[in-house]
Amino acid sequence: MAFISCREASFAYDGKTVVEGLSFEVHRGDYLCIVGENGSGKTTLMKGLLGLSRPKTGSIATGDGLKPTQIGYLPQQTPAQKDFPANVYEVVLSGRLGSRGLMPFYSKRDRQIALANMEKLGISSIAKKSFRELSGGQQQRTLLCRALCATEKALLLDEPVAGLDPLVTSELYKTIQSLSQEGITIIMISHDIHSAVEYASHILHLQNRQVFFGPTEAYKLTYEGRQFLTGRGQP
């Protein structure tokens with residue numbers, strides 16, 4: 001059974017269909033990159049996967065023991081996010097909010113999970129630093145750690161390396177790959193097609209409709225894949 005199943009789904013905004021013809025499955029341990037030009041429906045689909053938007057037609061469902069509340073999400077950074085009035089530990093710990101239920105305070109387990117994930121992502125040494133004082137790479141690593149605190153199963157990442165320099169970008173990609181190798185399912189929107197085909201196990205290409213879904217190696221052989229990889233279809 002798939003973690004996420006999408007069946008003949010379409011999404012609309014203000015009554016206008018944004019993306020359609022979506023039929024794909026994401027299984028435990030997959031690393032899926034969603035690619036396509038600006039305005040092709042990538043972020044709209046991501047909202048649908050998160051349950052923030054309902055399909056106009058068709059369906060999206062979770063399975064294989066995955067609950068919608070067990071999906072960690074790293075959105076695109078905004079100026080407001082960059083100015084969090086909290087330290088790194090507090091930002092990371094806030095990823096446990098969804099697991100607290102009716103409990104008014106964080107539990108000992110919540111704190112243990114936050115500390116363990118900070119160690120895993122190499123940010124324990126900056127735990128007490130103000131988030132707003134961090135570099136862009138440190139901020140993204142902190143927000144990735146926050147998303148990881150919400151799940152042991154699946155992460156949805158929306159342009160996680162946008163605006164980062166090449167070295168920091170490479171380091172963050174390697175961190176995400178490491179999480180994938182540990183068994184966490186990754187679904188990532190990316191404009192970086194070359195890194196997508198380097199790291200992802202599967203590619204979903206959108207052009208206001210589903211153009212391709214399948215293994216990365218098969219994507220490289222398609223017309224759309226060759227166009228993107230040579231830059232002629234690069235967003």
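This is a predicted model: local features need pLDDT of at least 70, side-chain atom pairs count only at pLDDT 80 or more; totals for chains, interfaces and linings use all residues.
Visitor: How many bridges pair strand 1 with strand 2?
Guide: Seven bridges, in the antiparallel sense, pair strand 1 (residues 4-13) with strand 2.

Visitor: What is the order of the six-strand sheet?
Guide: The order is 5-6-7-3-8-9. This sheet is open, and its pairing is mixed. Strand 5 (71-74) and strand 9 (210-215) stand at the edges. Each has a single partner strand, so one side of each is left without a neighbour in the sheet. From one strand to the next, the twist averages 10°.

Visitor: Which helix packs on that sheet, touching strand 5 and strand 6?
Guide: Helix 5 (residues 136-148) does. Its direction makes about 160° with that of strand 5.

Visitor: How do strand 8 and strand 9 run, parallel or antiparallel?
Guide: They run antiparallel, and five bridges join strand 8 (residues 202-206) to strand 9. Leu204 stands opposite Phe213 in strand 9.

Visitor: Now a single residue. Where is Gly29 found?
Guide: Gly29 is in the loop between strand 2 (16-26) and strand 3 (31-35). It counts as partly exposed because its relative accessibility is 32%. Leaving out residues up to four places away in sequence, Gly29 touches Ser180, Gly183 and Thr185. Gly29 and Lys128 are 99 residues apart in sequence, and their C-alpha atoms are 33 Å apart in space.

Visitor: Is Thr185 buried or exposed?
Guide: Buried: its relative accessibility is 1%, and the cut-off for buried is under 20%. Thr185 lies in strand 7 (residues 185-189). Its contacts beyond four places in sequence include Phe3, Val26, Lys153 and Leu155. Gly29 is also one of them.

Visitor: Next, backbone torsions. What is the phi of Asp64?
Guide: Phi of Asp64 is near 55°, a positive value in a residue other than glycine. Asp64 is found in the loop between strand 4 (57-62) and strand 5. It is partly exposed, with a relative accessible area of 28%.

Visitor: And where does Glu159 lie?
Guide: Glu159 lies in the loop between strand 6 and helix 6 (166-181). Its phi is positive, about 50°, although it is not a glycine. Glu159 counts as buried, because its relative accessibility is 10%.

Visitor: How many salt bridges does a search of the whole structure find?
Guide: The idea behind the search is simple. Side chains of opposite charge can pair when their charged atoms come close. In this structure the search finds six salt bridges. One of them joins Arg109 and Glu152, with the closest N and O atoms 3.8 Å apart. That falls inside the cut-off, which is within 4 Å.

Visitor: Which parts does the Arg109 and Glu152 pair tie together?
Guide: Arg109 lies in helix 4 (residues 108-120), and Glu152 in the loop between helix 5 and strand 6. So the pair ties together parts that are 43 residues apart in sequence. Arg109 is partly exposed at 49% relative accessibility. Glu152 is exposed, with a relative accessible area of 63%.

Visitor: Which residue forms a salt bridge with Glu182?
Guide: Lys120 does, the closest N and O atoms being 3.1 Å apart. This pair also links distant parts of the chain: Glu182 sits in the loop between helix 6 and strand 7, Lys120 in helix 4, 62 residues apart. Glu182 is partly exposed at 47% relative accessibility. Lys120 is partly exposed too, at 43%.

Visitor: How far apart are the closest N and O atoms of Glu217 and Lys220?
Guide: They are 3.1 Å apart, and the two residues form a salt bridge. Glu217 counts as exposed at 54% relative accessibility. Lys220 counts as partly exposed at 29%.

Definitions and conventions:
Residues are numbered from 1 along each chain as its sequence is written. Side-chain values use heavy atoms; hydrogens and water are left out. Helices (H or I, at least four residues) and strands (E, at least two) are DSSP runs, numbered from the N terminus. Buried means under 20% relative accessible area, exposed over 50%, partly exposed in between (1.4 Å probe, protein chains only). Contact means heavy atoms within 4.5 Å. Two strands pair if DSSP finds at least two bridges between them. Axes are lines fitted to C-alpha atoms, for helices over the stretch in contact, and angles run from 0 to 180 degrees between N-to-C directions. A salt bridge is a side-chain nitrogen of Lys or Arg within 4 Å of a carboxyl oxygen of Asp or Glu.
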